[in-house]
Amino acid sequence: MTGTRMAASIEFTRGELHLRFDLPDMPFVALTGPNGAGKTSALRCLAGLEQAARVEWSDGEPASRGYLPQRVMLYPAMSLADNIASSMRFAGLNKASITERTAELLDLVDIAPLARRRPHEVSGGQRQRTGLARAIAATPKLLLLDEPFSAIDMASRARVRSRIVKYIAESGASCVIATHDPNDLEVTDAASIILS
Amino acid sequence: MTIRPPRWVVAIAAAPVIVLGAPLFALLWRLPWSDLGGALRSEAAKSALGLSLITSLSATVLCVLFGLPLAWLLSTGTGVMTRVIRALCLLPIVLPPVVGGVALLLAFGRRGVVGQWLADLGIQLSFSTAGVILAQFFVSLPFFVLSVEAALRQMDIEFAEVAHVHGASPARVFTAVTVPSIAPAIAAGSVLAWARALGEFGATVTFAGSLQGRTQTLPLAVFNLLESDPADAVVLSAVLVVLAVAVIALLRDRWFGVLRSEVQR
């Protein structure tokens with residue numbers, strides 16, 4: 001794993017919440033801390049969704065981002081396959097490679113038989129797998145994952161996690177994970193930032 | 001258990017049901033069943049029916065084309081301008097259609113504020129088929145815009161945020177993510193707008209007149225026939241009733257579905 005120079009310093013205040021942290025130059029960074037510490041807000045700052053945030057990127061803003069919010073937010077009118085394909089369409093990939101990679105990703109997160117289902121027709125864990133696939137699909141430079149494995153059943157969580165982590169590591173992305181799960185830290189060998 | 005209303009409440013509730021039901025019943029009662037085809041084949045009826053379909057569908061298409069961007073703008077705005085534009089959008093619902101027709105005449109008529117410029121270009125809207133469409137667009141746009149704006153406001157903004165983070169432009173977010181998600185509201189708004197356009201009378205007769213083949217739509221034809229040929233007027237009215245029933249059937253799930261979910265909550 002090589003450094004990708006996605007370091008940044010972040011400052012954000014909203015109401016009672018004050019965030020100040022430096023994002024280190026590491027492939028995996030974990031944001032931890034108790035409920036309400038601002039993990040989700042920190043991810044939103046990095047995603048560019050908080051206009052009040054001051055984010056200084058050491059090497060310019062990331063050219064592309066992948067994002068899995070805590071509530072997943074699969075597009076309700078699209079099938080799971082189309083949800084995964086959406087981030088590649090937005091990134092401007094060509095049709096043939098989108099089709100090919102969508103099939104690969106459906107297999108990667110074990111939801112190929114559900115490809116044509118709509119989000120409301122599948123379980124929370126299956127939605128989270130789809131959201132993960134959608135976030136990593138366009139091989140973004142910066143990945144922002146909020147509690148990415150929390151809804152996946154215990155029996156397959158470790159398997160899905162190791163596949164996703166391997167995929168991200170190979171893609172060369174910087175990945176920031178907000179998590180409560182110590183296993184997430186262990187598997188990713190992440191530098192952790194503790195928000196309080 | 002359901003606590004049922006007492007008999008005297010049932011008696012009071014029955015009165016409006018009679019008021020609503022009796023006209024429909026009378027219309028069907030007086031329908032000249034043996035001569036339905038004859039009435040529909042008359043020149044006035046055929047041209048009115050065709051004209052009504054063409055103009056009301058055109059007005060609906062215009063409502064979707066212009067109403068979607070307008071609803072998007074209104075749903076994101078918070079300022080004074082937004083409130084002014086929304087009030088303007090609501091106006092045709094509250095305004096008597098005849099007054100709307102007079103206002104249209106003053107704006108787009110041959111000597112109107114805008115109309116005189118159009119006249120110089122050789123375009124005349126008043127007393128033309130295009131004028132019928134304009135009048136229908138004027139009265140039906142609010143129904144589409146309000147329906148769609150409400151859906152846009154109810155939509156969770158996090159869907160759009162995800163698409164934005166993944167690199168979609170605002171227009172792309174709207175067309176690829178937002179519009180498909182609110183498709184039911186767009187469909188319902190279109191049906192409402194179409195129904196309003198189809199039934200339009202006051203603004204049309206004032207702004208476009210009642211010229212057979214050019215501006216005489218179904219409701220205007222009914223009004224005209226009432227004097228000369230009442231039986232035919234009844235038949236054409238029945239056509240509008242059938243269309244109205246179809247609209248209710250189309251929107252049934254949407255309207256009654258809302259009622260059901262509200263009761264369950």
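Predicted model: local features only at pLDDT ≥ 70, side-chain atom pairs only at ≥ 80, totals over all residues.
A residue counts as buried if 20 or more other C-beta atoms lie within 10 Å of its own, as exposed if 12 or fewer do, and as partly exposed in between, with the C-beta atoms placed from the backbone.

Residues are numbered from 1 along each chain as its sequence is written, and chains are lettered from A, and ligands numbered from 1, in the order in which they are written.

Helices (H or I, at least four residues) and strands (E, at least two) are DSSP runs, numbered from the N terminus.

**Chain B overall**

- Chain B has 13 helices and 0 strands, so reading its elements from the N terminus gives α-α-α-α-α-α-α-α-α-α-α-α-α.
- The C-alpha trace of chain B spans about 70 × 65 × 30 Å along its principal axes.
- Of the 265 residues in chain B, 34% are buried.
- Two residues are in contact if their C-beta atoms, placed from the backbone, lie within 7 Å. Among the contacts in chain B with a separation of 6 or more, 74% are between residues 24 or more positions apart.

**Helix 5 of chain B**

- Helix 5 covers residues 97-108 of chain B, and its 12 residues should span 16 Å at 1.5 Å a residue; the expected span is 1.5 Å times one less than the number of residues. The end C-alpha atoms are 16 Å apart, which agrees.
- The buried residues here are Pro97(B), Gly100(B), Gly101(B), Leu104(B), Leu105(B) and Phe108(B).
- Looking down the axis of helix 5 of chain B, those buried residues fall within an arc of 140°, so they line one face of the helix. The arc is taken over the directions from the helix axis to the C-beta atoms.
- What do the buried residues of helix 5 of chain B pack against? Their partners are helix 4 (80-94), helix 6 (115-120), helix 7 (129-154) and helix 11 (202-207) of chain B.

**Where chain B meets chain A**

- On the chain B side 15 residues are in contact with 18 residues of chain A.
- Helix 8 (157-165) and helix 9 (170-181) of chain B each supply at least two residues of the side that touches chain A. The largest share, 6 residues, comes from helix 8 of chain B.
- Sorted by class, the chain B side has 9 nonpolar, 3 polar and 3 charged residues. For the bookkeeping, Ala, Val, Leu, Ile, Met, Phe, Trp, Tyr, Cys and Pro count as nonpolar, Asp, Glu, Lys and Arg as charged, and the others, Gly among them, as polar.

**The antiparallel sheet of chain A**

- Two strands pair if DSSP finds at least two bridges between them. An open sheet of 3 strands in chain A has the order 2-1-4, with antiparallel pairing.
- Strand 2 (17-23) and strand 4 (54-57) of chain A are the edge strands, as each pairs on one side only.
- Neighbouring strands of this sheet are turned by 5° against each other on average, direction ignored; the axes are lines fitted to C-alpha atoms, for helices over the stretch in contact, and angles run from 0 to 180 degrees between N-to-C directions.
- Strand 1 (residues 8-14) of chain A is joined to strand 4 of chain A by 4 bridges, and it pairs with strand 2 of chain A over 7 bridges.
- Ser9(A) has the bridge partner Asp22(A) in strand 2 of chain A and stands opposite Glu56(A) in strand 4 of chain A. Glu11(A) stands opposite Arg54(A) in strand 4 of chain A.
- Strands 1 and 2 of chain A form a hairpin with 2 residues between them, and Gly15(A) in the turn has a positive phi of about 60°.

**The parallel sheet of chain A**

- An open sheet of 5 strands in chain A runs in the order 5-6-7-3-8, with parallel pairing.
- Its edge strands are strand 5 (65-68) and strand 8 (191-194) of chain A, and the twist averages 15° from one strand to the next.
- Strand 3 (residues 28-32) and strand 8 of chain A are joined by 4 bridges. Ala30(A) stands opposite Ser192(A) in strand 8.

- Asp110(A) has phi near 60° without being a glycine. Asp110(A) sits in the loop between helix 3 (95-108) and helix 4 (124-136) of chain A and is partly exposed, with 15 other C-beta atoms within 10 Å.
- Thr139(A) has a positive phi of about 40° and lies in the loop between helix 4 and strand 6 (142-146) of chain A.
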